[in-house]
Amino acid sequence: MMGCWILNESLSIILVLSWLGVNLYLFIDTFYWYEEEESFLYTRVILGSTLAWARASAVCLNFNCMLILFPVSRNLISFMRGASTCFRGPWRRQLDKNLKFHKLVAYGIVINATIHIVAHLFNLEHYHWSQSPEAEGLVAALSKLGDTPNETYLNPIRTFHTNTITELLTTIAGITGLLISLALILIMTSSTEFIRQVSYELFWYTHHVFIIFFIGLAIHGAGRIVRGQTPESLLLHNISFCRDHLEEWQARCPAPQFSGKEPSAWKWVLGPVVLYACERIIRFWRFQQEVIITKVVSHPSGVLELCMKKRDFKMAPGQYVLIQCPSISTLEWHPFTLTSAPQEDFFSVHIRAAGDWTEALCKAFGAEGQPLKEPWNLPRLAVDGPFGAALTDVFHYPVSMCIAAGIGVTPFAALLKSIWYQCCEAQTQCKLNKVYFYWICRDPGAFEWFADLLLSLETKMSEQGKAHFLSYHIFLTGWDENQAFHIALHWDENADVITGLRQKTFYGRPNWNHEFQQVAFSHPSSNIGVFFCGPKALSKILQRMCRLYSSADPRGVHFYYNRESF
């Protein structure tokens with residue numbers, strides 16, 4: 001099982017190890033540079049090895065801050081997806097893991113920021129102690145530099161009686177460091193799974209504190225608190241001799257001169273910040289484009305269907321858009337999968353009321369039992385996208401397993417519609433020749449809006465002689481006694497009592513071991529794409545099934561897991 005996982009995830013493992021390797025290299029290289037560099041010898045006399053710890057973690061922090069914005073640059077990722085000659089197979093699957101990499105880099109930022117803060121707290125204490133009466137010799141002499149004209153200081157704490165915290169908060173480095181730390185704490189704590197489920201709006205707003213984080217990071221080094229000996233001073237003041245002959249500093253050793261290093265954080269983050277700014281400019285431009293709402297349908301189970309038109313809007317099955325409703329919030333954009341097919345002259349989304357923003361949207365459009373409004377009375381919507389997602393790769397496999405839970409079925413609506421249109425076009429040829437579709441749902445009413453699509457697809461494929469192309473399995477996990485009696489009463493009828501389809505609805509949860517075993521047996525030497533949209537718990541089960549039933553033999557069956565994430 002471990003061998004299959006390594007085989008399937010080999011590229012992901014290589015990329016993560018590469019990221020770790022670069023971090024490790026930058027840390028070790030910078031650490032030893034500050035431990036051995038002559039210009040920082042006197043600084044090390046006061047601070048010891050915590051100087052190297054602070055500077056090495058700072059470089060790694062800059063590196064990770066450079067990377068953090070790339071995975072959330074949606075237009076860049078969509079463009080890279082479109083460059084199919086460069087991004088095929090395993091490389092395309094890495095693009096679907098953009099949010100995982102974003103989180104991984106965020107952990108790297110937190111770890112390095114913590115090391116950096118702790119190291120500087122020790123540095124501050126060392127600076128303070130070196131001004132104490134107990135300090136003597138070279139440490140005391142270096143701390144007193146800057147008290148007379150024509151000298152530059154090395155120790156930013158000028159007297160032992162100085163309050164170090166107060167002194168720190170009067171410097172650029174101290175103020176920006178505090179702002180960066182607070183921003184990072186806010187971003188990380190509001191990004192937890194619990195917060196995102198309870199209040200997505202809180203997560204959304206606090207995440208935008210990253211603007212303060214990057215501004216603070218860019219100017220953090222401008223204070224130049226950590227100082228080293230200038231190149232000119234190194235020529236005049238021979239540290240190899242002078243550090244051991246303190247009594248001759250006035251005669252043979254001119255006072256060493258010090259300066260802070262040029263701030264470099266802005267060089268690391270300038271490119272990604274400009275790229276992200278371009279993303280926002282594109283979003284603003286799309287925000288200005290008119291969106292015409294052609295139809296509004298209120299489905300059972302609190303699902304709202306919106307059909308829209310927009311000039312030059314082109315999509316592919318499985319893509320998603322970001323939607324903003326200015327009358328609800330002028331800042332929030334929420335992702336929704338497109339449920340229409342590219343062949344249709346409109347695009348649609350299905351939205352379930354599952355939070356403050358979606359509930360407000362459903363109410364604004366007259367859902368939830370309220371009378372639907374006329375098109376001219378509907379609130380304005382802005383649409384950004386479409387963007388590529390994992391499901392766009394369904395057609396790149398000979399066999400695909402599409403698994404949805406609850407409202408997670410929406411991405412597959414566009415896929416099945418596209419398959420329906422391709423069945424209508426007899427000349428269409430594609431790599432995909434078999435689809436297994438699974439839908440697990442708790443509420444029987446939720447089947448209504450999707451059953452019509454499955455029924456038309458079932459009929460069309462039967463007419464075209466392609467009934468074998470799609471195997472669908474619908475699982476109902478919630479019912480009461482009355483429904484159970486009604487189901488039992490009509491069990492022998494040709495059409496299913498819940499969906500009206502020829503294929504009967506299953507009651508309970510799927511036996512995934514059995515399902516994967518059957519698919520592996522039917523396609524012994526195939527690459528099978530497994531596409532899922534739904535809760536995290538089920539995602540882990542499906543990932544385990546993919547590893548369990550993938551063959552260690554390169555010529556055998558292999559399941560490649562893809563999860564829809566925004």
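This is a predicted model: local features need pLDDT of at least 70, side-chain atom pairs count only at pLDDT 80 or more; totals for chains, interfaces and linings use all residues.
Reader: How are two packed helices described, and at what angle do the axes of α10 and α13 cross?

Author: Two packed helices are described by the angle between their axes and by the distance between those axes. In this model, the axes of helix α10 (residues 172–189) and helix α13 (residues 210–220) come within 9 Å and cross at roughly 150 degrees. Since angles over 145 degrees count as roughly antiparallel, α10 and α13 are therefore roughly antiparallel to each other, and their crossing is left-handed.

Reader: Which residues make the contact?

Author: On the α10 side they include Ile 172, Thr 176, Gly 177 and Ile 180, and on the α13 side they include Phe 213, Gly 216, Ile 219 and His 220. The residues of this contact divide into ten nonpolar, four polar and no charged.

Reader: Is Thr 176 buried or exposed, and what does its side chain reach?

Author: Thr 176, which lies in helix α10, is buried, because its relative accessible area of 5% falls under the 20% cut-off. Its side chain reaches the backbone oxygen of Ile 172 at 2.6 Å, and the side chain of Thr 176 also makes a polar contact of 2.9 Å with the side chain of His 220.

Reader: Where is Thr 206 found, and which side chain is joined to that of Thr 206 by a polar contact?

Author: Thr 206 is found in helix α12 (residues 200–207) and is buried, with a relative accessible area of 13%. A polar contact of 2.5 Å joins the side chain of Thr 206 to that of Ser 190; leaving aside neighbours within four places in sequence, Thr 206 is in contact with Leu 186, Ile 187 and Ser 190.

Technical notes: Residues are numbered from 1 along each chain as its sequence is written. Side-chain values use heavy atoms; hydrogens and water are left out. Axes are lines fitted to C-alpha atoms, for helices over the stretch in contact, and angles run from 0 to 180 degrees between N-to-C directions. Helices (H or I, at least four residues) and strands (E, at least two) are DSSP runs, numbered from the N terminus. Angles under 35 degrees count as roughly parallel, over 145 as roughly antiparallel, 65 to 115 as roughly perpendicular and the rest as oblique. A crossing is left-handed if the near helix is turned anticlockwise from the far one by less than a right angle, and right-handed if clockwise. Contact means heavy atoms within 4.5 Å. Ala, Val, Leu, Ile, Met, Phe, Trp, Tyr, Cys and Pro count as nonpolar, Asp, Glu, Lys and Arg as charged, and the others, Gly among them, as polar. Buried means under 20% relative accessible area, exposed over 50%, partly exposed in between (1.4 Å probe, protein chains only). A polar contact is a pair of N or O atoms within 3.5 Å; within protein, one must be able to donate a hydrogen and the other to accept it, and residues adjacent in sequence count only if both atoms are side-chain atoms.
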